[in-house]
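Colleague: I would like to learn how to read a model like this one. Please take me through it feature by feature.

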Amino acid sequence: MLVVLAIAYVLALVLVVGLPLLIFKQKAKLDYLKKQLAIHKKPQLKNVWLSIAGYFGYFLLTVVFSVVIQAIWKGFNADQVQEIGFKDLANPFEYILAFAALVVIPPIVEEMLFRGYLFSEVRRRAGFWLTAIIVSATFGIAHLQRNVGVDVFALSLVLCFLSEKTGTIWIGNLLQQIKNLVAVTVAFLHPELLHTS
């Protein structure tokens with residue numbers, strides 16, 4: 001599963017970022033690419049608190065969005081379990097692979113693609129809020145589950161704000177890793193927390 005995820009993310013980066021650079025012969029320099037992906041600035045330790053504050057902001061937004069959607073759409077299932085591709089992990093090595101595949105790799109690539117490349121492309125043509133909504137809706141749809149889409153839409157709004165504020169994806173990347181770590185910890189180490197009935 002880790003190999004499949006890694007290949008999928010590399011292909012996504014190449015197709016979305018690399019191919020247009022080659023086809024349209026844009027400034028195919030490393031500095032330009034770094035700026036397009038919002039990785040040109042080094043992460044600053046003084047901004048780490050934004051990731052933690054952002055986590056609480058995301059959590060509040062996702063609760064509000066879920067409550068509103070459930071009130072409007074009676075058939076909406078907010079409790080549907082996300083399909084993550086890992087089941088019945090048996091040994092520490094499998095947990096390490098699952099950790100890499102769910103907590104390390106996706107936030108890095110997703111931040112480069114969505115809050116880096118897509119955000120910077122749309123942001124050149126639109127204001128912040130329209131850009132954040134477009135990027136977040138795209139990010140939600142890409143997760144292919146309605147309840148997960150609502151959750152990551154809320155997350156992406158916060159990540160877009162962090163990208164706009166810091167000019168880089170690194171603080172948002174840390175926030176997404178924290179969020180995924182919490183989700184993986186609950187799913188694999190304390191699944192009883194998912195069953196509150």
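Colleague: What share of the residues of the chain count as buried?

Modeller: This is a predicted model. Of its 197 residues, 39% count as buried.

Colleague: How many helices and strands does the chain have?

Modeller: There are seven helices and zero strands. Read from the N terminus, the order of elements is α-α-α-α-α-α-α.

Colleague: Let us turn to charged pairs. How many salt bridges does the structure hold?

Modeller: The structure holds five salt bridges. To call one, look for a side-chain nitrogen of Lys or Arg within 4 Å of a carboxyl oxygen of Asp or Glu. E111 and R115 make such a pair, with their closest N and O atoms 2.7 Å apart.

Colleague: How far apart are E111 and R115 in helix α4?

Modeller: E111 and R115 are four residues apart in helix α4, so about one helical turn separates them.

Colleague: Is E111 buried or exposed, and what about R115?

Modeller: The cut-off for buried is under 20% relative accessible area. E111 has 1% relative accessibility and therefore counts as buried. R115, at 0%, also counts as buried.

Colleague: Which residue forms a salt bridge with E121?

Modeller: E121 pairs with R124, and their closest N and O atoms are 2.8 Å apart. Here the two partners fall into separate classes. E121 counts as buried, at 15% relative accessibility, whereas R124 counts as exposed, at 54%.

Colleague: Which residue does E164 form a salt bridge with?

Modeller: The partner of E164 is R123, the closest N and O atoms being 2.9 Å apart. E164 belongs to helix α6 and R123 to helix α4, so this pair ties together parts that are 41 residues apart in sequence.

Colleague: Which residues do salt bridges that share partners join into one network?

Modeller: E121, R124 and R125 are joined into one network in that way.

Colleague: Now to empty space. How is it found in a model?

Modeller: A probe the size of a water molecule is rolled over the atoms, which shows where empty space is left. In this structure, the second largest pocket holds about 240 Å³ of space.

Colleague: Which residues that line the second largest pocket are the closest to its centre?

Modeller: The lining has 14 residues, and those closest to the centre are K35, A38, H40, S120 and G167. The largest share comes from α4, with four residues.

Colleague: Last, the surface. Which residues form a nonpolar patch there?

Modeller: For a patch, look for nonpolar side chains within 5 Å of one another, on residues with over 30% relative accessible area. L60, V64, V68, I72 and W73 form a nonpolar patch on the surface, and together they have about 500 Å² of accessible area.

Colleague: Where does V64 lie?

Modeller: V64 is in helix α3, which covers residues 48-72. With 40% relative accessibility, V64 counts as partly exposed.

Note on methods. Residues numbered from 1 in each chain as written. Predicted model: local features only at pLDDT ≥ 70, side-chain atom pairs only at ≥ 80, totals over all residues. Heavy atoms only, no water. 1 Å grid on protein atoms, 1.4 Å probe; cavity = no way out; pocket = protein on both sides within 12 Å on 5 of 7 lines; lining within 4 Å. Points joined across faces, edges and corners; volume = space filled by probe spheres on them. Helix = DSSP H or I, 4+ residues; strand = E, 2+ residues; numbered from the N terminus. Buried < 20%, exposed > 50% of the residue type's maximum accessible area, 1.4 Å probe, protein only. Patch = residues over 30% accessible without salt bridge, like charges linked within 9 Å, V, L, I, M, F, W, Y side chains within 5 Å. Areas by Shrake-Rupley, 256 points an atom, 1.4 Å probe, with all protein chains shown as cover.
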